[in-house]
Amino acid sequence: MYNDMIEITVNALLDKKAYDIKALDITKLTSICDGFVIASASNKSQLDALVDGVETAMYKNEYALIGREGRSEGGWVLLDYGDIVVHLFSDEMREFYNIDGSWRDADTIVVKGA
């Protein structure tokens, strides 16, 4: 199930021109969720568009948003869908939080079309 969620999320991000998109399988590393999707936006407006795009796509596919943290003004937004967590960043905040480095032992998920 979570692979469908990852694919929907990545495609929504691609539609909104996100970049440096990574999908990670973290099932072997933690029990908090099964996967992460990480992406960057070039500015606050694009970050807002990424959030809206993911939320709309997931809602249309009947996946409920469990929680949302952060704000585009702060350069970071987290969308929790239970099985997956979506991390959306400005370049500066992505470097600061270093989610990519913190989860470097995770397996990369390849998404069709990405």
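Helices and strands are taken here as DSSP runs, numbered from the N terminus. With that convention in place, a tour of this predicted model can begin with Glu62, which is found in the loop between H2 and S3. Its backbone deserves a look: phi of Glu62 is near 65 degrees, a positive value in a residue other than glycine. The relative accessibility of Glu62 is 74%, so the residue counts as exposed.

Ala64 belongs to the loop between H2 and strand S3, the latter spanning 67-71. Ala64, too, counts as exposed, because its relative accessibility is 57%. Even so, Ala64 has partners from elsewhere in the sequence: leaving aside residues up to four places away, Ala64 touches Asp80 and Tyr81.

Lys17 sits in the loop that runs between H1 and strand S1 (19-25). With a relative accessibility of 63%, Lys17 counts as exposed.

Helix H1 covers residues 2-15 and helix H2 residues 44-60; their axes come within 8 Å and cross at roughly 140 degrees. Angles over 145 degrees would count as roughly antiparallel, and H1 and H2 are therefore oblique to each other. The crossing in which H1 passes H2 is right-handed. On the H1 side, the residues that meet H2 are Met5, Ile8, Thr9, Ala12 and Leu13, while H2 contributes Leu50, Gly53, Val54, Ala57 and Met58. Sorted by class, this contact holds eight nonpolar and two polar residues, and no charged ones.

Attention now turns to the aromatic rings, where the count comes to four aromatic pairs. In one of them, the ring centres of Trp76 and Tyr97 are 5.5 Å apart and the planes stand at 35 degrees, so the pair is tilted. This pair links distant parts of the chain, since Trp76 is in strand S4 (residues 76-80) and Tyr97 in helix H3 (residues 91-97), 21 residues apart. Tyr97 is partly exposed, its relative accessible area being 39%. Tyr97 also pairs with Phe89: here the centres are 6.0 Å apart and the planes lie at 35 degrees, so this pair is tilted as well. Phe89 is buried, with a relative accessible area of 0%. Ring pairs join Trp76, Phe89, Phe96 and Tyr97 into a cluster.

A last stop is Ser72, located in the loop between S3 and S4.

Conventions: Residues numbered from 1 in each chain as written. Predicted model: local features only at pLDDT ≥ 70, side-chain atom pairs only at ≥ 80, totals over all residues. Heavy atoms only, no water. Axes fitted to C-alpha atoms, helices over the stretch in contact; angles between N-to-C directions. Helix = DSSP H or I, 4+ residues; strand = E, 2+ residues; numbered from the N terminus. Parallel < 35°, antiparallel > 145°, perpendicular 65-115°, else oblique. Left-handed = near helix turned anticlockwise from the far one by under 90°. Contact = heavy atoms within 4.5 Å. Nonpolar A, V, L, I, M, F, W, Y, C, P; charged D, E, K, R; others polar. Buried < 20%, exposed > 50% of the residue type's maximum accessible area, 1.4 Å probe, protein only. Phe/Tyr/Trp six-rings, centres within 6.5 Å; stacked < 30°, edge-to-face > 60°.
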